[in-house]
Amino acid sequence: MGAVTAPSERSATTLIAAGAEASVSGPAAKPMPAWEAYTGWVYLVVLIPALAVLVWLPSVASAYTVTLWLTVLLTINLASSWNVLSGYGGYVSFGHAGFFGVGSYIGALLLYYDKLSWIPAMIAAGLGTSLLALLLGYPVLRLRGPYFAIAMLAMSELGRIVVTSWSSVTLGGDGVYLPIVRFQRVKEGADWWGRVGVIVHNNQDYYAMLVVAILAVMGAYWVGTSRFGLELLSIRDDEVASQAMGTRVVRVKIAAFAASAFFPGIAGAIYARHVGYIDPPTVFGIIWSIRAIATALLGGQATILGPIIGAVGLTLVSERVWASDPNLFQVVFGGLIVLVVLFIPGGLISLLQQWGALPRSRRI
Amino acid sequence: MRHDVQSVSTGQPSRSTRRDLVRRASVLGVGLPLAAAMGRAGSAAAQSTPAAAPKGTPIKIGASVSTTGSNGRTGLYQQQAYKLWESQKNAAGGLLGRPVQMVIYDDQSDPTTGSKLYQKLITEDKVDLVLGPYSSGVTLAAAQVTERYGYPMLVAGASAGEIWQKGFKNVFGVYTIAQEYFKDIINEIAKKQGYKTAAIMYQDAVFPSSTASGANDLCKAAGINVVVNEKYPINATDVSSALTKVRDLDPDMLIGGSYLPDSVLTVRQAKELEVNCRLFAFSVGAAEPDFYDSLKQDANYILGPSMWEPGINTEGNAAFVADFQKMFKRMPDYHAATGYAGCQILEKAVTTDGDLDLDKLREELGKLEMKTILPGEYKVDGTGKQTGHIPLTIQWQGDKKVIVTPDDLKDGNIELPTPSWNQRKK
């Protein structure tokens, strides 16, 4: 896995040195589309309607469809955060399930013991997971390549074991059962605002996940276009050279690590609240890590849009396959990852870029 | 094996013509191959007296059952019982005169998947009624969903007492709660044998730990000293450290709060380590036919609670066993029976009301008292917890499962103490 890198780009280190900002163009790149300069506007034109549809969805769709899209948003969160650490930074993590699980449990337990109301509890879950990552980051980030991947896998398992055995606080293997959020019904003769209020109330978790996903994507956009992102790319390409060029390597890595833990943590807490019942094997399942990795690889790692495209594609396709046959689903899922890694290591985004449909811009 | 939406089986009366069949199948909008419908119609007609053909849109009954994953082996029995009942109903005139369509998914023994599937069943498939999933974890997750939508659910495959402690209005137990599984073994058998010490080992999950905590309380009340009380993780492949402790302290009884795979594992390792308790008992597993198939003569002397046995003389039981064997070519276990009993109760409650109104159904399930194929009767308290069912205790003797308690249902005498492993015949 550690060997999987984005298609050849000019070394990020030289870019920092040259103070380059906007575009990373390979030597054999096709001519830029004319709208390349207007990428920001294109985003607005595409994303604002998409956002409007997502906001409007719960008022017309069935609860199951809403849950499905909640899963898509969850996957965007997981994949975008994985992408920051592993796509840009090159530190391939198999431990995002650990962040997801820890966040789920912090959020769920705060609600279970009635310590906080739900929105502060969700935020606390994200911050708590980040804090944990800060503490873990310093020792773990000294490792590279397969050693880092294995260490993260072990951390995630460790989280599961701690949560399982610390039953006086976490309730152990019995799992945590959250108080039910009951549905409201639209009252007779309610005005428009009344109806909106009921829809928002009945889909709190969905809207919370949407807000977090927007933040995650905005964060990813910032990483993708900032000096911080370049520094991460340079660390991926050559950590020693990057340090020699003046990158504060340790600080950058730990910041990326903590940021990369925040969104899985908060998303885990929202997911726990949505499902209402969590137990350690479910939320610490390796599948969450795999999901983050597969999504980012499919869409294109070290890109901004890759995790979004990957999340929408992979979640919707896998749901379709899964509903018809849960066993076939695993075959398809695994097969897809193999095919992507073998034939389009840069993901769908790189494919579109090769065809000239998308510019090779850092803003993509 | 596919576990997706099950298609409708439209039982047809003996006199229906081929054209009738085509018309009805298309009216119902079912994607069932005509040949299959013909085949089933033929066999249904052969065995049952002609009943009025079910008419109208099918009544959709939704359920998610674990047929893969860690509890897949036992869950499959429950799923097959649901399907058996569906085909029987359709052959016998349907429910309220309408055909029955079971919509069954597989949750892969995963609670969050189960929760998602009940949401799908209710909001997307728009089922009229639901039946419970298998295992207490999945049931707890699914109950959140059914509670939000106000769908009464017969809990036909789970029994952890926690399910009825959450203030749910829509969960109705079909059989005894997990905390009482070892009641007869501790209060009757151990007392008679004069056993004074016990070890309890259990899997760290909702249902097994409920059976274990129940056993612990029962032991305390009976004055039995619990010398080991250890849990092991889900999917454990080695429980030898706990067993070594048990061997060293040599209690009279070893009680396992377990599902099938870990019951088998514990017995195998107990034999290897020569753990020679006078009595072995396991919550789920001992009563399964698979238990004996996996362990052969090592299963002898082992006790276990059972919610039902094929030989008992309850109404309709013999026919259920025969039909199940005919349809699935194997003996049903008690998970099949509890699943089937769930269907019987649902049917009775719906036919008493005469329609599918969920509020009326909830009220009816709360006050209904009826006989099913399970021993005892269906009767619930104010929380929906089952109080009328009578659990059995079985013991493997030779290659036979013998019911040893309660007295009025037993078909053999208990054989105790368990001889030590090295004294057993090979």
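Reader: How many residues of domain 1 of chain B are in contact with domain 2 of chain B?

Author: In this predicted model, 17 residues of domain 1 of chain B are in contact with 16 residues of domain 2 of chain B, where contact means that C-beta atoms, placed from the backbone, lie within 7 Å. Local features need pLDDT of at least 70, side-chain atom pairs count only at pLDDT 80 or more, and totals for chains, interfaces and linings use all residues; residues are numbered from 1 along each chain as its sequence is written, with chains lettered from A and ligands numbered from 1 in the order in which they are written.

Reader: And which element supplies the largest share of that side of domain 1 of chain B?

Author: The largest share, 3 residues, comes from α5(B), a helix being a DSSP run (H or I, at least four residues) and a strand likewise (E, at least two), numbered from the N terminus.

Reader: Switching topic, in what order do the strands of the open sheet in chain B stand?

Author: The order is β2-β1-β3-β4-β5, with parallel pairing, and two strands pair if DSSP finds at least two bridges between them.

Reader: Why is one side of β2 and of β5 in chain B left without a neighbour?

Author: Strands β2 (100–105) and β5 (171–173) of chain B stand at the edges and each has a single partner strand, so one side of each lacks a neighbour in the sheet.

Reader: How many bridges join β1 to β2 in chain B?

Author: Strand β1 (residues 59–64) of chain B is joined to β2(B) by 6 bridges, and B:Gly62 has B:Val103 as its bridge partner in β2(B).

How values were computed. Contact = placed C-beta atoms within 7 Å.
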